[in-house]
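Hi there,

Here is the structure I promised to pass on to you. Have a look at it first, and then read my notes below.

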Amino acid sequence: GAILSTERMNRILGLRFDSATGEWLVRVQPGVILRDLHAKIERKEFRELLTYAGESDKEDLKRFLEDPQRYSYPPDPTEDSSTVGGNIATNAAGARTYKYGSTRRFVRRIRVALANGDILDIRRGQVFADEGRTFQIQLSDGTCVTVQLPSYSMPSVKNVAGYYVEEGMDLIDLFIGSEGTIGVVTEAELALAPRLRNLLTALIFFPSERDAIQFVHRVRGDHPKGRAYAELPDSIEYFDRNSLNLLRLRRKESATTLEIPEFPSGAVAAILLEQSYFGEEFEKFIEALDLGLRENGSSLENTMSATEDSDRKRLTNIRHVVPETINQTIATRKRKISEIHKVGTDTAVPDQYLDAMLDFYVKRLVEERFDYVIFGHISENNLHVNVLPNTLEELRRAERLAEEFARYAVERGGTVSGEHGVGKLKRNLLKVMYGEKGVDEMFQLKKTLDPQLILSPGNIFPTD
């Protein structure tokens with residue numbers, strides 16, 4: 001086989017102001033690491049670009065560097081060691097997708113290498129699908145390729161399963177989230193957003209998982225009393241009792257306990273809430289938060305909060321530590337049985353099915369007597385169930401249960417993958433969502449742009 005790597009295509013190429021949209025756009029290669037991009041934008045570390053920028057770009061750069069306004073690139077996938085190219089290929093989402101949207105929302109232009117070596121330079125807002133759901137793509141040899149989009153409809157929830165499709169869609173969106181199967185992103189232009197507000201991070205503990213869920217309904221605004229606070233939260237993350245127990249054990253066994261705060265002994269579930277605010281709104285927000293907590297079995301006394309970046313990172317770090325600890329646990333079991341691996345879900349459902357979905361998950365997991373952990377982006381009903389099997393027999397049962405959960409979500413208008421795509425491990429679940437016909441239509445689309453099937457073999461479609 002062969003591996004195509006963009007690891008060393010890791011330069012930030014330029015920064016300009018788009019007067020038509022009023023946005024600052026940063027131009028990057030696909031190998032740029034997300035955390036590096038975030039840091040450079042936050043600190044405005046772009047002076048090196050002045051040495052080779054054109055005259056118009058130099059003027060824009062000077063304006064940006066002198067502007068007192070702070071900016072950010074909002075997408076924040078859990079792994080900030082990921083690359084921009086990987087984020088685009090998977091339409092990566094994260095905790096703050098709830099408020100700001102996924103990667104797709106901030107991609108304004110991409111250069112894509114097709115399997116035949118042609119390069120497409122695609123700008124958002126220029127090429128759209130016609131009424132027959134087709135695109136006409138002109139190749140360098142003069143031929144015109146007709147790309148037929150699948151006929152299925154996508155669910156209205158957060159979803160990255162399969163090729164993106166909608167009526168009159170933009171060509172750029174076909175490649176975003178296609179998991180490297182129809183083209184390779186070689187360059188991208190991304191929109192920045194102003195950072196206008198302060199950010200409060202609160203880790204809130206509850207005496208029951210039910211109390212935690214009811215609080216989520218309150219802050220989202222789907223409670224009869226409406227939203228607890230007028231402003232939409234940036235993110236809402238959920239951790240069940242097994243997540244907290246896993247973190248307690250990790251803290252006890254860790255050489256340093258600084259990465260994990262000490263939780264109250266009576267805490268059964270936790271919500272990690274991030275909320276933007278203007279300075280003068282802080283007291284008003286805290287009062288509303290306190291009211292919402294007391295209505296749902298918690299209080300400010302059962303809350304750890306932070307406004308400084310260094311303190312906030314200690315709280316948000318548990319997003320990383322939970323899956324990291326799960327992987328460490330399964331790695332230990334793998335040393336005894338090499339075929340063992342965790343079985344994870346990435347389903348999402350419409351708001352009205354959140355409670356029923358979680359109840360169903362827990363009921364079936366308990367019935368099967370699995371070791372499991374449930375955590376994730378509850379703001380968008382996108383929870384991750386991780387089953388940690390001890391035997392191969394448990395592994396097979398866990399795989400069957402994961403498909404059962406996927407069917408449950410799809411039957412209620414949900415998705416089999418809210419943020420991670422299907423890759424190789426979940427590609428069989430696409431048939432649950434779109435049926436044989438939908439998967440075949442996706443495959444015909446791939447063959448149109450990649451006739452020899454050389455790009456990302458095994459992703460989305462089986463290699464045979």
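What follows is a short tour of the side-chain interactions.

First, some ground rules: this is a predicted model, in which local features need pLDDT of at least 70 and side-chain atom pairs count only at pLDDT 80 or more, while totals for chains, interfaces and linings use all residues. Residues are numbered from 1 along each chain as its sequence is written, and side-chain values use heavy atoms, with hydrogens and water left out.

Let me start with the salt bridges (a side-chain nitrogen of Lys or Arg within 4 Å of a carboxyl oxygen of Asp or Glu). The whole structure holds 42 of these salt bridges. One of them joins the side chains of R210 and D359, with N and O at 2.7 Å. R210 belongs to helix α6 (residues 209-220) and D359 to helix α11 (residues 354-368), so this pair ties together parts 149 residues apart in sequence. (Helices are DSSP runs of H or I with at least four residues, strands are runs of E with at least two, and both are numbered from the N terminus.) R210 is partly exposed at 36% relative accessibility, and D359 is partly exposed at 42%. For these words, buried means under 20% relative accessible area, exposed means over 50%, and partly exposed is in between, with a 1.4 Å probe and protein chains only.

Another salt bridge connects D351 with R220, whose closest N and O atoms are 3.7 Å apart. This one links distant parts of the chain, 131 residues apart: D351 is in the loop between β14 (343-344) and α11, and R220 is in helix α6. D351 is partly exposed at 40%, whereas R220 is buried at 7%.

E324 and R250 also meet through their side chains in a salt bridge, at 2.6 Å from N to O. Since E324 sits in helix α10 (residues 318-334) and R250 in helix α7 (residues 241-253), the pair ties together parts 74 residues apart in sequence. Salt bridges with shared partners also join K363, R364, E367, E368, E393, R397 and E404 into one network.

Now to the aromatic rings. Rings of Phe, Tyr and Trp (its six-membered ring) pair if their centres lie within 6.5 Å; planes under 30 degrees apart count as stacked, over 60 as edge-to-face and the rest as tilted. That rule gives 14 aromatic pairs. The rings of Y73 and F106 have centres 6.2 Å apart and planes at 75 degrees, so they are edge-to-face. Both Y73 and F106 are buried. The rings of Y361 and F405, with centres 4.3 Å apart and planes at 40 degrees, are a tilted pair. Y361 lies in helix α11 and F405 in helix α12 (residues 392-411), 44 residues apart. Y361 is buried at 0%, and F405 is buried at 1%. There is also one aromatic cluster formed by F17, W24, F46, F64 and Y71.

The charged end of K44 sits over the ring of F64, 4.9 Å from its centre, and that of R104 sits over the ring of Y164, 4.0 Å from its centre. Here "over" means that NZ of Lys or CZ of Arg is within 6 Å of the ring centre and within 35 degrees of the ring normal.

Best wishes
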